[in-house]
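Biologist: I have not looked at this model before, so please show me how to read a few features, taking them one at a time.

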Amino acid sequence: MCLAALACGGAAPAPIRLFDGRTLAGWEQGTADSFRVENGSITGGTIDQVLTKKTFLCTTRDYGDFRLTARFRIDGGQYANTGIQFRTARVDAGATQVIGYQADAGHIYWGTLYDEGRRKVTLADFDQSKIARHLNDGKWNRYAIVAKGRHIVLTFNGVKTVDYVEPDTSIAQTGKICLQLHDKVAMTVAFRDIVLTPL
């Protein structure tokens, strides 16, 4: 029996562009109209509005093992915060809140792995003094996320910041990809070049 396409001479899974650059096809809003397409990017928030609750734009499909790459930027001052959720689920239908892993980004959280809405803790930290010289503050940054089984690796602007193995075997290994718009800070976030390759 063939267990892997490459071992049997088959083709490797093709990369999937999760964002077509023009529409939000394949995504669903947590709060109506929080995200939009602007200048070829998925854009959320406004620089003059503070949200009272976080909200998340999520894929309509679930994904398990994958490598995901994306570019993003945050505008809104030193406390602006965002992240890329993965293996994530909404708390209930139409909910703004989610549970799942988050490749975190923003004040003191660049390159870290957070457990959003579930354990509500940083699962793997990274020395922020080391990442400072690799940070493009207010400009485009890049995340690469590899999730394979219980092993998660985050790479931020080419620097591996997290190499984490989930010890809890009850944690789901599939879920949605979501983009976060944080509360309590007026800001905009933008995402583009979101490509997922199944593993």
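Modeller: Let us begin with a turn: E12 and E13 form a hairpin, two residues lie between them, and asparagine 157 in that turn has a positive phi of about 50°. Strands (E, at least two residues) and helices (H or I, at least four) are DSSP runs numbered from the N terminus. The model is a predicted one, in which local features need pLDDT of at least 70 and side-chain atom pairs count only at pLDDT 80 or more, while totals for chains, interfaces and linings use all residues. Residues are numbered from 1 along each chain as its sequence is written, and side-chain values use heavy atoms, with hydrogens and water left out.

Biologist: In what sense do E12 and strand E13 pair, and over how many bridges?

Modeller: In general, strands of a sheet pair through backbone hydrogen bonds, either parallel or antiparallel, and pairing is counted where DSSP finds at least two bridges. Here E12 and strand E13 (residues 159-165) pair in the antiparallel sense over six bridges, and isoleucine 152 has tyrosine 164 in E13 as its bridge partner.

Biologist: In what order do the seven strands of the open sheet lie?

Modeller: The order is E2-E5-E14-E7-E8-E9-E10, with antiparallel pairing. Strand E2 (27-28) and strand E10 (122-124) are the edge strands, each pairing on one side only. Within this sheet, strand E5 (residues 55-59) is joined to strand E14 (residues 176-181) by four bridges, and cysteine 58 stands opposite cysteine 178 in E14.

Biologist: Which residues touch the most other members of the largest nonpolar core?

Modeller: A nonpolar core is a set of buried Ala, Val, Leu, Ile, Met, Phe, Trp, Tyr and Cys residues joined through side-chain atoms within 4.5 Å, where buried means under 20% relative accessible area (exposed is over 50%, partly exposed in between; 1.4 Å probe, protein chains only). Of its 43 residues, Leu68, Ile84, Phe86, Leu113 and Ile194 touch the most other members. Strand E6 (residues 66-75) gives the most to this core, contributing five residues.

Biologist: What is isoleucine 194 in contact with, leaving aside its neighbours within four places in sequence?

Modeller: Contact means heavy atoms within 4.5 Å, and the partners of isoleucine 194 beyond those neighbours include Ile16, Leu18, Phe19, Trp27, Ile42, Leu68 and Leu179.
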